[in-house]
Amino acid sequence: MKIYELALSPSARRVNVFLAEKEIEVERQHVDIRGGENLSDSFREKSLNGLIPVLELDDGTTICESVAICRYFDETFPAETSLFGDTPLEKAQVEMWHRVVELKGLLVAMQAFRNISGIYQDRENCVAAWGEESRQRLIGFLPTLEQRLSQSPYLAGEKFTIVDITAAILCSFMKNLNIELDDSQPHLLAWYQRVTSRPSFNR
C-alpha cells in the first residue's frame, strides 16, 4: 500500500502521527500541491476530493480524507487500546470532541490561512476579510480547549486519542496565522507541550 501526501500539510501530519502511534510503516509518495499535481486527471482518479492524503491499497482501492484513513488502519491493525476510544462512551466522546476541534478549529484555521495568504489564489477565490474573520473565530475558540483541559488530562477524557493529535496539529499550524499559545492558557499550553513531546510527533 502507499500514501500520497504533502508531508507538512495538517491532514498528512495527522495520518503520519496516527501511524507513528500505532507503529505502522507505509510507503509514501510526495504530491506537489503547490504545482497543482493534485488537479491532474491521474490524481483525481485516485482521490475523490482531489486532496491529499490518499491511501492506495494493494488491490488499487483508494481512500481519501485523513480521518477515514486513520479509521482504516485502526480497524485493520487493532491494538489493546484504540485511538478512537474503546467503550461506547469513550467512542462517543472522541467523536464529539473530534467534530468540535475539526469544525471550530482546524477547518476555521485553514479558511483563515488560505484566504489571508492567498496561497491558492490561482485556483480559488480568496477573500481576505473572511480570512481575518476566520482568524478571530479561531482565537475565540481556544478558551473552549483551555476550559476542557482544566478539567481533563486529554480532550476526549483520560486517554490520549486522535482528538489530541488533531488539536496539537491545529496548535502547531496556528503559528502561520501569528497565533501563539502563552501563559494566559496554562492548561492548553501544558497539554500541548506534553502531547508534542511524544515520539510520534518527532519522527
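Colleague: In what order do the 4 strands of the open sheet run?
Modeller: This is a predicted model; local features need pLDDT of at least 70, side-chain atom pairs count only at pLDDT 80 or more, and totals for chains, interfaces and linings use all residues. Helices (H or I, at least four residues) and strands (E, at least two) are DSSP runs, numbered from the N terminus. Two strands pair if DSSP finds at least two bridges between them. Pairing in this sheet is mixed, and the order is 2-1-3-4.

Colleague: Which are the edge strands?
Modeller: Residues are numbered from 1 along each chain as its sequence is written, and side-chain values use heavy atoms, with hydrogens and water left out. An edge strand here pairs on one side only. The two are strand 2 and strand 4 (62–64).

Colleague: By how much are neighbouring strands turned against each other on average?
Modeller: Axes are lines fitted to C-alpha atoms, for helices over the stretch in contact, and angles run from 0 to 180 degrees between N-to-C directions. For this sheet direction is ignored, and the average is 20°.

Colleague: Which residue of strand 2 stands opposite Glu 5?
Modeller: Strand 1 and strand 2 (residues 27–30) are parallel partners over 4 bridges. Tyr 4 has Gln 29 as its bridge partner. Glu 5 stands opposite His 30.

Colleague: Are the residues on both faces of strand 1 buried or exposed?
Modeller: Buried means under 20% relative accessible area, exposed over 50%, partly exposed in between (1.4 Å probe, protein chains only). In a regular strand, side chains alternate between the two faces of the sheet. Here Lys 2 and Tyr 4 lie on one side, Ile 3 and Glu 5 on the other, and all are buried.

Colleague: How does helix 4 run relative to helix 6, parallel or antiparallel?
Modeller: The axes of helix 4 (residues 88–117) and helix 6 (residues 162–173) are 9 Å apart, at an angle of about 20°. Angles under 35 degrees count as roughly parallel, over 145 as roughly antiparallel, 65 to 115 as roughly perpendicular and the rest as oblique. So helix 4 and helix 6 are roughly parallel.

Colleague: What is the handedness of the crossing of helix 4 and helix 5?
Modeller: The axes of helix 4 and helix 5 (residues 128–149) come within 8 Å and cross at roughly 150°. That makes the pair roughly antiparallel. A crossing is left-handed if the near helix is turned anticlockwise from the far one by less than a right angle, right-handed if clockwise. This crossing is left-handed.

Colleague: Which residues does Arg 13 contact, leaving aside neighbours within four places in sequence?
Modeller: Arg 13 lies in helix 1. With a relative accessible area of 22%, Arg 13 is partly exposed. Its contacts are Ala 7, Leu 8, Ile 169, Ser 172 and Phe 201.

Colleague: Does Gln 185 count as buried or exposed?
Modeller: Gln 185 sits in the loop between helix 6 and helix 7 (186–195). Not counting residues up to four places away in sequence, Gln 185 touches Leu 142, Glu 146 and Glu 180. Relative accessibility is 13%, so Gln 185 counts as buried.

Conventions:
Contact means heavy atoms within 4.5 Å.
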